[in-house]
Amino acid sequence: MIKNPRTTPGVIFDLDGTLLDTLEDITASLNAVLTRIGRPTKQAGEVRDLVGEGLARMLSLASGRNEQTEIDRLIELYRPEYARRMFDETRFYPGAETALTELAQAGVPMCVLSNKTHDFTESLCRRFLNPWPFVRFLGQLPGGPRKPDPTTALELAAAMDRPPELVCFVGDSDVDIETAHNAGMAALAVTWGYRNVDILKSTRPTWIIDDPREIPRVILGHDWH
């Protein structure tokens with residue numbers, strides 16, 4: 001257990017596929033949009049591969065449409081569908097709550113950084129993460145950079161009063177690991193989310209784990225000096 005606050009690391013978590021399993025609600029919302037525009041619906045396993053690079057990218061890949069005006073219309077269709085479903089099936093991954101409690105008890109400052117739009121990110125975090133003292137929740141803002149751009153990760157490191165080398169980025173995707181690398185942070189890849197292990201390994205994370213309960217062991221057991 002880390003006792004010296006000057007060497008206590010900060011942690012930035014991805015949200016979807018890392019702390020929360022949001023796939024069923026995303027799939028149902030996406031399929032409502034695809035049905036509306038006369039496109040074939042997707043299975044959850046297919047949608048799994050589309051999540052992680054932001055809403056516009058997911059809708060473009062799912063619909064096969066690329067024109068910005070079309071994507072803007074799809075976003076307008078998707079937002080109310082997801083807003084009414086986002087809490088239906090979404091759950092913590094088993095062990096995630098235990099991990100958050102152990103980190104909080106060790107005095108580790110925590111943030112969330114997602115490529116999900118900021119309003120949806122904040123709504124999910126307010127619903128699920130209120131029991132823990134998170135420093136800040138941040139999603140994709142209009143016109144702002146998105147992961148793997150390191151800008152927002154570095155903003156969160158500053159909000160936790162930690163230099164990048166004293167921050168661990170925890171995520172389930174190649175985008176998250178690339179964000180960590182770009183920001184000069186340690187990268188903890190998790191295998192229970194939306195990317196397969198081979199993709200994660202190819203991004204050269206600092207660590208890779210198979211169970212949320214391993215998160216505190218890895219972070220608190222590392223020598224951050």
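The side chains of Lys147 and Asp176 meet in a salt bridge, 2.7 Å from N to O. Lys147 sits in the loop between S5 and H7, and Asp176 belongs to helix H8 (residues 174-183), so the pair ties together parts that are 29 residues apart in sequence. This is a predicted model.

Both partners are covered. Lys147 has a relative accessible area of 2%, so it counts as buried. Asp176 is buried too, because its relative accessibility is 1%.

## Other salt bridges

The structure holds ten salt bridges. One of them joins the side chains of Asp174 and Arg195, at 3.4 Å from N to O. This pair links distant parts of the chain, with Asp174 in helix H8 and Arg195 in the loop between strand S7 (186-190) and H9, 21 residues apart. Arg195 is buried, at 7% relative accessibility.

Asp211 forms a salt bridge with Arg213. Their closest N and O atoms are 3.0 Å apart. Asp211 is partly exposed, with a relative accessible area of 23%. Arg213 is also partly exposed, at 45%.

## Backbone features

A cis peptide bond joins Lys147 and Pro148, with omega at about 15 degrees. Pro148 lies in the loop between strand S5 (136-140) and helix H7 (151-159).

Some residues take a positive phi. Asp161 is not a glycine, yet its phi is near 60 degrees. Asp161 is in the loop between H7 and strand S6 (167-171), and it is exposed, at 65% relative accessibility. Arg204, likewise a residue other than glycine, has a positive phi near 60 degrees. Arg204 is in the loop between helix H9 (197-202) and strand S8 (207-209). With a relative accessible area of 62%, Arg204 counts as exposed.

## Helix H3

Helix H3 spans residues 55-63. Its buried residues are Leu55, Met58, Leu59, Ser60, Ala62 and Ser63. What covers them includes helix H1 (23-36), H4 and S4.

Leu61 is also found in H3. At 38% relative accessibility, Leu61 is partly exposed. Ten residues along the chain separate Leu61 from Val51, and their C-alpha atoms are 10.0 Å apart. Just after H3, Gly64 takes a positive phi of about 75 degrees.

## Sequence distance and space

Thr7 lies in the segment before strand S1 (10-13). It is buried, with a relative accessible area of 17%. Thr7 and His225 are 218 residues apart in sequence, but their C-alpha atoms are 6.5 Å apart in space.

Ala106 is in the loop between helix H5 (96-105) and strand S4 (110-117). At 9% relative accessibility, Ala106 is buried. From Ala106 to Leu34 there are 72 residues in sequence and 45 Å in space, C-alpha to C-alpha.

## A negative surface patch

Asp21, Glu24, Asp88 and Glu89 form a negative surface patch. Glu89 lies in the loop between helix H4 (68-85) and strand S3 (91-92). It is partly exposed, at 48% relative accessibility.

Conventions. Residues are numbered from 1 along each chain as its sequence is written. This is a predicted model: local features need pLDDT of at least 70, side-chain atom pairs count only at pLDDT 80 or more; totals for chains, interfaces and linings use all residues. Side-chain values use heavy atoms; hydrogens and water are left out. Patches are made of residues with over 30% relative accessible area and no salt bridge: like charges are joined within 9 Å, nonpolar side chains (Val, Leu, Ile, Met, Phe, Trp, Tyr) within 5 Å. Accessible areas come from the Shrake-Rupley method with a 1.4 Å probe; for residues, only the protein chains shown count as cover. A salt bridge is a side-chain nitrogen of Lys or Arg within 4 Å of a carboxyl oxygen of Asp or Glu. Lys and Arg count as positive and Asp and Glu as negative; His and the chain ends are not counted. The place of a charge is taken as NZ of Lys, CZ of Arg, CG of Asp or CD of Glu. Helices (H or I, at least four residues) and strands (E, at least two) are DSSP runs, numbered from the N terminus. Buried means under 20% relative accessible area, exposed over 50%, partly exposed in between (1.4 Å probe, protein chains only). Contact means heavy atoms within 4.5 Å.
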